[in-house]
Amino acid sequence: MLLRGYTKEFIRPECRPEAQSVHLVAHLDQDIGAALPYLNATLGGFQYIKDPPTISFKLHGKLIATHGRKICVNALKDQAEGEKILEWLKKEINDAWEHRADIEPIFESTPKPKVIDILRLLPKTNCGECGLATCMLFAVQASEGGKGPENCPQLSSDYRAKLENYLGHFRFD
Ligand code: SF4
(Lines give C-alpha, C1' and ligand atoms only; values in the text may rest on other atoms or scores of the structure.)
Protein backbone atom coordinates (compact mmCIF):
# COMPACT_ATOMS: atom_id res chain seq x y z
CA MET A 1 0.00 0.00 0.00
CA LEU A 2 1.49 3.34 -1.05
CA LEU A 3 -0.70 5.77 0.88
CA ARG A 4 -1.29 4.58 4.42
CA GLY A 5 -2.46 7.67 6.23
CA TYR A 6 -3.01 11.42 6.34
CA THR A 7 -3.88 14.30 8.64
CA LYS A 8 -7.05 16.23 7.81
CA GLU A 9 -7.48 19.96 8.07
CA PHE A 10 -10.90 21.54 7.44
CA ILE A 11 -10.96 25.21 6.47
CA ARG A 12 -13.86 27.61 6.17
CA PRO A 13 -13.20 30.38 3.61
CA GLU A 14 -11.94 33.36 5.68
CA CYS A 15 -13.34 36.00 3.38
CA ARG A 16 -16.84 34.48 3.59
CA PRO A 17 -17.43 33.37 7.20
CA GLU A 18 -21.13 32.98 6.41
CA ALA A 19 -20.34 30.38 3.73
CA GLN A 20 -21.81 26.98 4.41
CA SER A 21 -19.12 25.08 2.54
CA VAL A 22 -15.78 23.89 3.89
CA HIS A 23 -12.51 23.05 2.19
CA LEU A 24 -10.42 20.07 3.10
CA VAL A 25 -6.64 19.77 3.00
CA ALA A 26 -5.20 16.33 3.68
CA HIS A 27 -1.50 16.23 4.54
CA LEU A 28 -0.26 12.84 3.35
CA ASP A 29 2.04 10.60 5.40
CA GLN A 30 3.60 9.21 2.20
CA ASP A 31 4.65 10.89 -1.05
CA ILE A 32 2.27 9.75 -3.80
CA GLY A 33 3.92 11.79 -6.59
CA ALA A 34 5.06 8.67 -8.47
CA ALA A 35 1.49 7.32 -8.54
CA LEU A 36 -0.07 10.46 -10.04
CA PRO A 37 0.46 9.61 -13.77
CA TYR A 38 -1.27 6.27 -13.12
CA LEU A 39 -4.10 7.97 -11.26
CA ASN A 40 -4.38 10.42 -14.14
CA ALA A 41 -4.82 7.44 -16.46
CA THR A 42 -7.50 5.79 -14.34
CA LEU A 43 -9.50 8.85 -13.23
CA GLY A 44 -8.91 11.25 -16.13
CA GLY A 45 -7.60 14.46 -14.58
CA PHE A 46 -8.59 17.60 -16.43
CA GLN A 47 -5.28 19.27 -15.57
CA TYR A 48 -1.93 17.55 -15.15
CA ILE A 49 1.24 19.43 -14.15
CA LYS A 50 4.52 17.56 -14.40
CA ASP A 51 6.73 19.51 -12.02
CA PRO A 52 5.90 19.29 -9.23
CA PRO A 53 3.46 16.51 -10.10
CA THR A 54 -0.09 17.71 -9.57
CA ILE A 55 -3.44 16.58 -10.97
CA SER A 56 -6.78 18.34 -10.73
CA PHE A 57 -9.97 16.36 -11.03
CA LYS A 58 -13.60 17.35 -11.25
CA LEU A 59 -15.17 14.45 -9.44
CA HIS A 60 -18.28 14.07 -7.28
CA GLY A 61 -19.09 17.68 -8.23
CA LYS A 62 -15.91 18.92 -6.48
CA LEU A 63 -12.59 20.27 -7.59
CA ILE A 64 -9.94 17.93 -6.20
CA ALA A 65 -6.26 18.89 -6.46
CA THR A 66 -3.87 16.03 -5.80
CA HIS A 67 -0.19 16.78 -5.06
CA GLY A 68 2.64 14.50 -3.91
CA ARG A 69 2.11 15.22 -0.20
CA LYS A 70 -1.26 16.97 -0.18
CA ILE A 71 -4.85 16.59 -1.40
CA CYS A 72 -7.23 19.58 -1.47
CA VAL A 73 -11.00 19.29 -1.94
CA ASN A 74 -13.19 22.38 -2.25
CA ALA A 75 -16.81 23.27 -1.57
CA LEU A 76 -17.78 20.42 0.72
CA LYS A 77 -21.17 20.56 2.41
CA ASP A 78 -19.70 19.11 5.62
CA GLN A 79 -16.72 17.25 7.05
CA ALA A 80 -18.34 13.85 6.59
CA GLU A 81 -18.55 14.41 2.84
CA GLY A 82 -14.84 15.32 2.77
CA GLU A 83 -13.87 12.22 4.73
CA LYS A 84 -15.85 10.02 2.36
CA ILE A 85 -14.21 11.53 -0.73
CA LEU A 86 -10.76 11.25 0.84
CA GLU A 87 -11.18 7.57 1.70
CA TRP A 88 -12.44 6.89 -1.81
CA LEU A 89 -9.46 8.72 -3.32
CA LYS A 90 -7.00 6.90 -1.06
CA LYS A 91 -8.36 3.59 -2.37
CA GLU A 92 -8.12 4.83 -5.99
CA ILE A 93 -4.51 5.96 -5.44
CA ASN A 94 -3.52 2.64 -3.89
CA ASP A 95 -5.35 0.65 -6.57
CA ALA A 96 -3.66 2.61 -9.37
CA TRP A 97 -0.26 2.12 -7.73
CA GLU A 98 -0.82 -1.58 -7.12
CA HIS A 99 -1.85 -2.16 -10.75
CA ARG A 100 0.70 0.22 -12.30
CA ALA A 101 2.31 -2.59 -14.32
CA ASP A 102 -0.96 -2.89 -16.27
CA ILE A 103 -1.71 0.84 -16.60
CA GLU A 104 -0.22 3.14 -19.25
CA PRO A 105 0.70 6.28 -17.27
CA ILE A 106 -0.54 9.58 -18.70
CA PHE A 107 1.64 12.69 -18.30
CA GLU A 108 -0.75 15.26 -19.76
CA SER A 109 -4.20 16.73 -19.15
CA THR A 110 -7.16 14.73 -20.36
CA PRO A 111 -9.01 16.69 -23.03
CA LYS A 112 -12.54 17.80 -22.31
CA PRO A 113 -15.40 17.84 -24.85
CA LYS A 114 -15.84 21.26 -26.46
CA VAL A 115 -19.14 23.05 -25.84
CA ILE A 116 -19.20 24.29 -29.43
CA ASP A 117 -18.79 20.75 -30.80
CA ILE A 118 -21.68 19.51 -28.68
CA LEU A 119 -23.85 22.46 -29.66
CA ARG A 120 -23.31 21.69 -33.33
CA LEU A 121 -24.92 18.29 -32.79
CA LEU A 122 -27.97 19.61 -30.91
CA PRO A 123 -31.26 20.68 -32.60
CA LYS A 124 -30.79 24.27 -31.32
CA THR A 125 -34.54 24.80 -30.90
CA ASN A 126 -34.21 25.84 -27.22
CA CYS A 127 -37.40 23.91 -26.59
CA GLY A 128 -36.64 23.37 -22.91
CA GLU A 129 -37.74 19.73 -22.85
CA CYS A 130 -34.45 18.71 -21.25
CA GLY A 131 -35.23 20.97 -18.28
CA LEU A 132 -32.77 23.65 -19.38
CA ALA A 133 -33.68 26.96 -20.95
CA THR A 134 -31.37 26.67 -23.96
CA CYS A 135 -29.36 24.17 -25.98
CA MET A 136 -26.26 26.15 -25.02
CA LEU A 137 -26.85 25.40 -21.34
CA PHE A 138 -27.37 21.77 -22.24
CA ALA A 139 -24.07 21.75 -24.16
CA VAL A 140 -22.21 23.28 -21.20
CA GLN A 141 -23.58 20.62 -18.85
CA ALA A 142 -22.90 17.84 -21.35
CA SER A 143 -19.27 18.98 -21.60
CA GLU A 144 -18.99 18.44 -17.85
CA GLY A 145 -20.68 15.05 -17.99
CA GLY A 146 -23.90 16.31 -16.39
CA LYS A 147 -26.11 15.61 -19.44
CA GLY A 148 -26.00 13.04 -22.20
CA PRO A 149 -27.73 12.36 -25.54
CA GLU A 150 -30.50 10.50 -23.72
CA ASN A 151 -31.52 13.76 -22.00
CA CYS A 152 -32.46 15.57 -25.20
CA PRO A 153 -35.78 14.15 -26.53
CA GLN A 154 -35.48 16.30 -29.66
CA LEU A 155 -32.39 14.53 -30.96
CA SER A 156 -32.90 12.36 -34.04
CA SER A 157 -31.45 8.88 -33.82
CA ASP A 158 -28.78 9.91 -36.28
CA TYR A 159 -27.60 12.87 -34.20
CA ARG A 160 -28.01 10.93 -30.98
CA ALA A 161 -25.51 8.40 -32.31
CA LYS A 162 -23.17 11.20 -33.41
CA LEU A 163 -23.28 12.83 -29.98
CA GLU A 164 -22.78 9.48 -28.25
CA ASN A 165 -19.80 8.83 -30.46
CA TYR A 166 -18.30 12.27 -29.78
CA LEU A 167 -18.76 12.12 -26.00
CA GLY A 168 -17.48 8.55 -26.02
CA HIS A 169 -13.98 9.92 -26.67
CA PHE A 170 -13.94 11.46 -23.22
CA ARG A 171 -14.44 10.05 -19.80
CA PHE A 172 -16.61 11.39 -17.00
CA ASP A 173 -16.78 10.29 -13.39
S1 SF4 B 1 -34.27 19.29 -25.22
FE2 SF4 B 1 -32.62 19.35 -26.73
S3 SF4 B 1 -33.35 20.81 -28.26
FE4 SF4 B 1 -34.57 21.16 -26.42
S5 SF4 B 1 -33.46 22.75 -25.28
FE6 SF4 B 1 -32.75 20.79 -24.52
S7 SF4 B 1 -30.95 20.37 -25.74
FE8 SF4 B 1 -32.08 21.93 -26.84
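The domain bounds used on this tour come from an automatic or database domain assignment. That assignment gives domain 1 (6-102) and domain 2 (115-167). The model is predicted, and residues are numbered from 1 along the chain as its sequence is written.

**Whole chain**

Along its principal axes it spans about 55 × 45 × 25 Å. Colour by secondary structure to find 5 helices and 6 strands, which follow the pattern β-β-α-β-β-β-β-α-α-α-α along the sequence. Of the 173 residues, 39% count as buried.

Next, colour the two domains separately. The C-alpha centres of domain 1 and domain 2 lie 30 Å apart.

**Stop 1: Asn40**

Select helix α1, residues 36-43, and show the side chain of Asn40, which is found in that helix. Is Asn40 buried or exposed? Asn40 is buried, because its relative accessible area is 0% and the cut-off for buried is under 20%.

Now show the backbone of Ile106 and Glu108. A polar atom of the Asn40 side chain lies 3.0 Å from the backbone oxygen of Ile106. The side chain of Asn40 also reaches the backbone oxygen of Glu108, at 2.9 Å.

**Stop 2: the Asp51-Pro52 bond**

Move to the loop between β3 (47-49) and β4 (54-59), where Pro52 is found. Show the backbone of Asp51 and Pro52. The peptide bond that joins Asp51 and Pro52 is cis, with omega about -5°.

**Stop 3: Asp117 in helix α3**

Asp117 has its place in helix α3. With a relative accessible area of 22%, Asp117 counts as partly exposed, because buried means under 20% and exposed over 50%.

Which side chains make a polar contact with the side chain of Asp117? One of them is the side chain of Arg120, at 2.7 Å. Another is the side chain of Tyr166, at 3.1 Å.

Asp117 and Leu163 are 46 residues apart along the chain, and their C-alpha atoms are separated by 9.1 Å.

**Stop 4: Lys124 and Asn126**

Follow the chain into the loop between α3 (115-121) and α4 (135-143), where Lys124 is found. Asn126 has its place in the loop between α3 and α4 as well. Check the backbone angles here. Lys124 is not a glycine, yet its phi is positive, about 60°. Asn126, also not a glycine, has a positive phi of about 50°.

Lys124 is partly exposed, with a relative accessible area of 47%. Asn126 is partly exposed too, with a relative accessible area of 41%.

**Stop 5: the ligand**

Where does the ligand sit? The ligand sits in the largest cavity.

Colour the shell by class.

Definitions and conventions. This is a predicted model: local features need pLDDT of at least 70, side-chain atom pairs count only at pLDDT 80 or more; totals for chains, interfaces and linings use all residues. Side-chain values use heavy atoms; hydrogens and water are left out. On a 1 Å grid over the protein atoms alone, a cavity is a set of points where a 1.4 Å probe fits but cannot get out, and a pocket is an open set with protein on both sides within 12 Å along at least five of seven lines; lining residues have an atom within 4 Å of a point. A molecule sits in a cavity or pocket if more than half of its atoms lie within 2 Å of its grid points. Helices (H or I, at least four residues) and strands (E, at least two) are DSSP runs, numbered from the N terminus. Buried means under 20% relative accessible area, exposed over 50%, partly exposed in between (1.4 Å probe, protein chains only). A polar contact is a pair of N or O atoms within 3.5 Å; within protein, one must be able to donate a hydrogen and the other to accept it, and residues adjacent in sequence count only if both atoms are side-chain atoms.
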